[in-house]
Amino acid sequence: MRIPGRRVPTWLRDHDPGLVATRRAGRTALVMPGLFALCSQVLDSPTIATFAAFGSFSMLLLVEFTGPMSQRLRAHVGLAAAWAALICVGTLVARQTWLAVVVTVVVGFLVLFSGVVSSVLAGASTALLLAFVLPVASPAPLSELPDRLAGAGLAAVAAMFAISLLWPRPTADPLSAPAARVCRAAAAQLRADASRLAGEPEAPSLKQCRVTADDAAAAAADLRTAFDATPYRPTGLSTGSRAVVRLVDELTWLSAIVADSTPPSDDTDTTAPDCDRDAHAVRRAAATVLERAADLLDTPRIAPDALRAASAELRAVIDGMEHGATTRLPVHRPRPGTETEIRAFIGALDLSFRAQELGFATLQIADNVDLAAAAEHRTWPERLLGHEPGSVTQPLASARERAGAHLQRESVWLHNSLRGALGLGIAVALADLIGAQHSFWVLLGTLSVLRSNALNTGQNAVRALAGTLAGSVLGAGLLQLIGDHDTVLWFLLPVAVLVAGIAPAAISFAAGQAAFTVTLVILFNIGRHPDWHIVLFRIEDIALGCGVSVLVGLFFWPRGATAAVDRALAAAYTDSARYLAGAVRYAVGRCAGGLPPVAAPDEENRQAAAAARRLDDAFRSYLAERGAKTVPLADMTTLVTGVVGLRLAADAVLGLWQRSDEQPAGTDRADARVVLLGTADGVSGWYRNLAAGLDEGAPVPAPMPPDSAAEARLVASLRSDLRDENGRATDTAVRIIWTADHLDVARRLQPSLAAAAKPDTADRGVNSASRPGG
């Protein structure tokens, strides 16, 4: 690829957003050759030189910690200590093949699976594996252990100086700025819509409202694009990371809610008869919360007091609206039971319900922003163990809980950990069996191409071999041109390292493999007579590694990326539907007297949250894979976001009744109970059928139509409950209507989800049938 010199910066920014890969590659290109020269030419120790070179390569190119600089330096100290421990273990077991294989599987699994605990461990997994692979693949007497540790120690010291002084990484999260823009755009739309709906003298025109709505939609689309373009979470699986992931989904959901509640498209009078001052106040209070959330996203180190105060004000306004909504119920109806009467009854609460739904989603967003900011203030041990701010459990207990959520067969993280560990173990045994001269590269080839499913493993193996072949030919040509001019290799080494660091992100996996091959050819020929035969060994070694990865990928869970997401989607929809049904059962228990109390669905909530985290892992694997996708990204994103909407509906129902001050009296409200439970069963059943369609290839159910008869029965059942013994309207009637509205929100999601799921139903059925035991 030929790129004019004056266009290189522009090309880099286009292909490497934020210059993340360029920054890491630049540091490595400066540090690694310098350390290698110092250790090989000055200290005259090939062992120290090898471990210093690969240590600096690992600590600078394969990992980049986030957070304040002090936290990054602590993370690098921890990484250096882990390197020392793994080098010791690898050196001790390398001389016995059976022991090396067993320990490799155990260490590989523990390193890979520990990433579920915290961002620190997730981001360092590849670097940690390299620390073990390097000594276990090169058996040596224990007398070499001090030199190996010395090389790793030099690399660690150099890496800490490099990250501090050479182009330090910005502390801001890459998704914080686009998320803040969504918050501010949505706040502007809420203020504009509230002013117009209230009929204020200085209210914006309908055209101005549409402009603010378009700006909010564009900001939400930009955030989703930035999120989808990130192959890995910005901050792993830590507390702050999960808050950011939820924030993206919740802002997407908020944007849909705001878009649905915009003023009518015509220019008719919107102030009567539906004017609801309390609902407008909720919109304005929600706008303030979103603005304070944007401030905290932009500057996470500031105190969250302003956001918390705004959230408290929003909760108070919502409570006031919920109590005041009873005064707007049309108690006196001239013709009970007519369609007009039903519409009038439900329509009287529409604005307040929309505001209540909007306010609840905004509070969820505020809580996540507050949580993400609090995570930045955690101590180093709390970060290492992924401890959640404000949690009553100890850090170790929290870590065990997170790990336990992934010790299930459907966990993509568990699959990846087992595949990687077994692949490395097989590679160690194979290298010893055939007597590979460069067994390290067999293991490195296994690690570099093993991915989350058999199809992608095969594709990466082909790319790895193609890239290795191209790099070998180029390396051999360079050696022939250079001849005995060893000095030229020293000048080429930093250039090769720089290209090897940038190419995988900016060009392709194969290009990165080719550049890495050239780097190895140069590295192994410096200081000796250039020998192009090294490239033949390199091709042989990487071919063995690729073969191991394909074998392991085909043997364990042979499903494609789309099918893995489908299974995670099915589990998430099943658990979320169960949570919604449990929330409605809890509501029914709170609204009717004479019934045994129903416990809050806390366990269903936890299961739904765990399933959502596993779905996020699977979706990330889907996004990270190169190559054609069998399902359009827009459809897959719609299905993933639908889980968020379903869980938020359940959260809203649960919160609505937990905030209720009114206790059930003697009224049993049997008809209302029947309607709510029947609707909840129908909605949750639809989502269970959708899950079966995604995972088992069953037909995707048709969306449920609006049930006017159920609405009429619900309104009729509440006639006797509209007023208490003192003649005042009851909160319970409003909450029952709003519970039905939340169920209707879950129902209105169905058409878009059915449309997104149907195009790939046949393929999904094939994938599901191909899995073991399927």
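Me: How are H3 and H7 oriented to each other, roughly parallel or roughly antiparallel?
Reply: Happy to start there, bearing in mind that this is a predicted model. The axes of H3 (residues 46-61) and H7 (residues 125-136) come within 9 Å and cross at roughly 160°. Angles over 145 degrees count as roughly antiparallel. The two helices, H3 and H7, are therefore roughly antiparallel.

Me: How many nonpolar residues are in the contact of H3 with H7?
Reply: H3 passes H7 in a right-handed crossing. On the H3 side, Phe51, Phe54 and Ser58 make the contact, and on the H7 side Ala127, Leu130, Leu134 and Pro135 do. One residue of this contact is polar and no residue is charged, while the nonpolar ones number six.

Me: And what about H4 and H8, roughly parallel or roughly antiparallel?
Reply: Good pair to look at next. The axes of H4 (residues 69-93) and H8 (residues 145-165) come within 10 Å and cross at roughly 165°. That angle makes H4 and H8 roughly antiparallel.

Me: How do the residues of the contact of H4 with H8 divide into nonpolar, polar and charged?
Reply: H4 passes H8 in a right-handed crossing. H4 brings residues including Met69, Arg72, Trp83 and Ile87, and H8 brings residues including Leu145, Arg148, Met160 and Ile163. The division is 15 nonpolar, three polar and two charged.

Me: Which residues does Tyr687 touch, not counting residues up to four places away in sequence?
Reply: With residues up to four places away in sequence left out, Tyr687 touches Tyr573, Ala577, Leu646, Ala746, Leu749, Gln750 and Leu753.

Me: Is Arg578 buried, partly exposed or exposed?
Reply: Arg578 lies in helix H24. Not counting residues up to four places away in sequence, Arg578 touches Glu604 and Gln607. Its relative accessibility is 35%, so Arg578 counts as partly exposed.

Me: How far apart in space are Arg578 and Ala680, C-alpha to C-alpha?
Reply: In sequence, 102 residues separate Arg578 and Ala680. In space, their C-alpha to C-alpha distance is 9.8 Å.

Notes. Residues numbered from 1 in each chain as written. Predicted model: local features only at pLDDT ≥ 70, side-chain atom pairs only at ≥ 80, totals over all residues. Heavy atoms only, no water. Contact = heavy atoms within 4.5 Å. Axes fitted to C-alpha atoms, helices over the stretch in contact; angles between N-to-C directions. Helix = DSSP H or I, 4+ residues; strand = E, 2+ residues; numbered from the N terminus. Parallel < 35°, antiparallel > 145°, perpendicular 65-115°, else oblique. Left-handed = near helix turned anticlockwise from the far one by under 90°. Nonpolar A, V, L, I, M, F, W, Y, C, P; charged D, E, K, R; others polar. Buried < 20%, exposed > 50% of the residue type's maximum accessible area, 1.4 Å probe, protein only.
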